[in-house]
Amino acid sequence: MKRIDRVLWRIVDTVIAVSVLGMVMLIALQVGSRLAGASIAWTEELSRLLFIWTIWLGLGTGFRHGAHPSLSVLTSLLPGGAASALKLLPPFAAMILFALVAWHGAELLRQQLRFGEQSAILQVGMWLFTVPLVLGAGLSMLGAAVHAIETICGKKRGEPAQAINADQLADRTAKSAAPVMEGH
Amino acid sequence: MSATLLLVFAVLAILGVPLSVSLGLATVGTLWWFDLPLSMLTQSMATSINSFLLIAVPLFILAGQIMERGGLSERIFDAAEAVVGRMRGGLGHVNIASSFVFGGISGSSVADIASLGPITIRSMTSRGYPLPYSAALTLITSTLATLVPPSILIIVAAAAAGQSVGGALAGGLGPGLLLAFALAGYNVFAARRYGYGTLSAFDGRRMLRALLRAAPSVGAPVIILTGMFSGIVTPTEAAGLAVLYTFAVAALMHREVGWRDLWDLTVLAGQSAGSVLLILMVASAATFVFTVDMLPQKASGALSLLGGSGFATLLLMGLIFLIVGMLMDIVAAALMLIPVLMPAAVAAGVHPMHFLIFMVASLAVGLASPPVGTCLFATAYVSKVPAEKIVIAALPFYAINIVVLLLVAALPQIVLWPMAWLT
């Protein structure tokens, strides 16, 4: 199981890295071509496609590592047992939300495939823009579930979803990697 | 309808459910309860991030991470120290200046503390500044990154509000500069009054060496912002170029970042952007509920009953921003407050951009204040000073922040002039 978990998230990480680097390259090409007087129109649409993949898969890995911001006021006030029980609520809530998102996303995907909707510039199927939504929702459910199991078994890799996770920050600070979890 | 949504959201958030999930479930529950189509949630989520503008978010995050890992922050600090370090209160100014410049690339306050915090606090205490004062100043200066372009929060907020991202980023520069100068003024006063900091002799050769060494690092925000505000590139394109530039400097000149690091940092940037933008996605679905419920109109009506001017309206809203910013993640706060309060502010005669920047500046205070200030706890960690001690030492800085907010509320020109000049 651990091996499957590792391989799966490594694949997800790879898609994210390729998408982000792809966006950078496409944007450079967009600027370069425009300055050279020969604008390439499809770079904008392809960057957008890669961006959508990045965000949906990125938020999935966020659930895997318990990195989505949340308040920890109540859990820090409650005694050990109650706090541990309460820690099960966030992954459960995430699973409910993303089950709904995946369900309606799959519906949208079916419609796009049935009607053969195509993108404006690249003329590729619009389903390519919706697949990451379904995939990301599925990964979020899976990530939240695996993270919950790890938390229960006491093998947590990060504190479950804290807005101010100083330890996580410290850990990353020590490795000199910025924890830009808040984006502001 | 909106009250149900907000109530469910508050309950789930207090129970420790991630803010984005709380808002998503509250929206779903409200849609279901009031017999509205549940598919609205997924549709809103899908369309809200189908935007070229928002690509700037993961890319500026990545640029900030490369900058930090690639030694650019350290060189920026050295250069600032070489230039203003010998003045009275010099290292305090260095702290302010380097945060301002760092914010000019990373757009993230937590990244500022993680990256510059240990260096600035260590240098200040070794030159006779008290540790709590050093930590408190580091804490407050980190909020500059939320105001100075390319602030990630301003990008997200402007995109959500349907305003020009370039214009909003330029608008943040005025309050950012005002806060930086106000902090520098207090720093001189504190250094003189309490005798903080030892003075060092002027060393021209050292200054030249530090400036030359830091030129590519300091040049990064200059190139990015000039490109963006001169109209040569869009904010998203500026973000892409920022990644290329910072990577070129960190990998080729400093040789502190390799391909493996770049790979790891891109994954981290994707994950961070996913967290930030998930909030945007669910907030756009919540906005649908607010719109159906005509909450913005209700808020406008309630505020117009008070009969206040634009300034009075902003003051009242500022109070709400400060309280909400102190209690929850400021991205989530901004995205929930924009659809509700922006129409009311505009109806009261406030320029939309003035409202946006005032809101961001007010929420940024929450980053540095208890009980959930991300930057406060980050500073406590890097400085090893208890959060409550930092809060006490930061009281004058909070007061300065409030005065700056009052000025920004009273004088829209602080926001609108830089916007007009730069865009």
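Visitor: Which side chain makes a polar contact with the side chain of Arg64(A)?

Guide: Keep in mind that this is a predicted model. Arg64(A) sits in helix α2 of chain A, which covers residues 42-64. Its side chain pairs up at 2.9 Å, in a polar contact, with the side chain of Asp5(A).

Visitor: Does Arg64(A) count as buried or exposed?

Guide: The cut-off for buried is under 20% relative accessible area. Arg64(A) comes in at 1% relative accessibility, so it counts as buried.

Visitor: How far apart in space are Arg64(A) and Val146(A), C-alpha to C-alpha?

Guide: Along the chain, 82 residues separate Arg64(A) and Val146(A).

Visitor: Moving on to Ser140(A), what does its side chain reach at 2.7 Å?

Guide: Ser140(A) belongs to helix α6 of chain A, residues 127-152. Its relative accessibility is 0%, so Ser140(A) counts as buried. At 2.7 Å its side chain finds the backbone oxygen of Gly136(A).

Visitor: And which residues does Ser140(A) touch, not counting those up to four places away in sequence?

Guide: Leaving out those sequence neighbours, we're looking for heavy atoms within 4.5 Å. For Ser140(A), that gives Leu59(A), Gly60(A), Phe63(A) and Phe98(A).

Visitor: Over in chain B, are α4(B) and α5(B) roughly parallel or roughly perpendicular to each other?

Guide: Helix α4 of chain B spans residues 56-69 and helix α5 of chain B spans residues 72-84. They pack with their axes 5 Å apart, at an angle of about 70°. Angles of 65 to 115 degrees fall in one class, so α4(B) and α5(B) are roughly perpendicular.

Visitor: Which residues of α5(B) make that contact?

Guide: From α4(B), the contact uses Ile66(B), Met67(B) and Glu68(B). By class, the residues of the α4(B)–α5(B) contact are four nonpolar, one polar and one charged. The α5(B) side supplies Leu72(B), Ser73(B) and Ile76(B).

Visitor: What about α15(B) and α17(B): is their crossing left-handed or right-handed?

Guide: Helix α15 of chain B (residues 295-306) and helix α17 of chain B (residues 330-347) have axes that come within 8 Å and cross at roughly 45°. α15(B) and α17(B) are therefore oblique to each other. As for the hand of the crossing, it's right-handed.

Visitor: How many charged residues are in the contact of α15(B) with α17(B)?

Guide: On the α15(B) side are Leu295(B), Pro296(B), Ala299(B), Ser300(B) and Leu303(B), meeting Pro339(B), Val340(B), Pro343(B), Ala344(B) and Ala347(B) of α17(B). These split into nine nonpolar and one polar, and the charged count is: no charged residues.

Technical notes: Residues numbered from 1 in each chain as written. Chains lettered and ligands numbered in written order. Predicted model: local features only at pLDDT ≥ 70, side-chain atom pairs only at ≥ 80, totals over all residues. Heavy atoms only, no water. Axes fitted to C-alpha atoms, helices over the stretch in contact; angles between N-to-C directions. Helix = DSSP H or I, 4+ residues; strand = E, 2+ residues; numbered from the N terminus. Parallel < 35°, antiparallel > 145°, perpendicular 65-115°, else oblique. Left-handed = near helix turned anticlockwise from the far one by under 90°. Nonpolar A, V, L, I, M, F, W, Y, C, P; charged D, E, K, R; others polar. Buried < 20%, exposed > 50% of the residue type's maximum accessible area, 1.4 Å probe, protein only. Polar contact = N/O pair within 3.5 Å; in protein donor to acceptor, adjacent residues only side chain to side chain.
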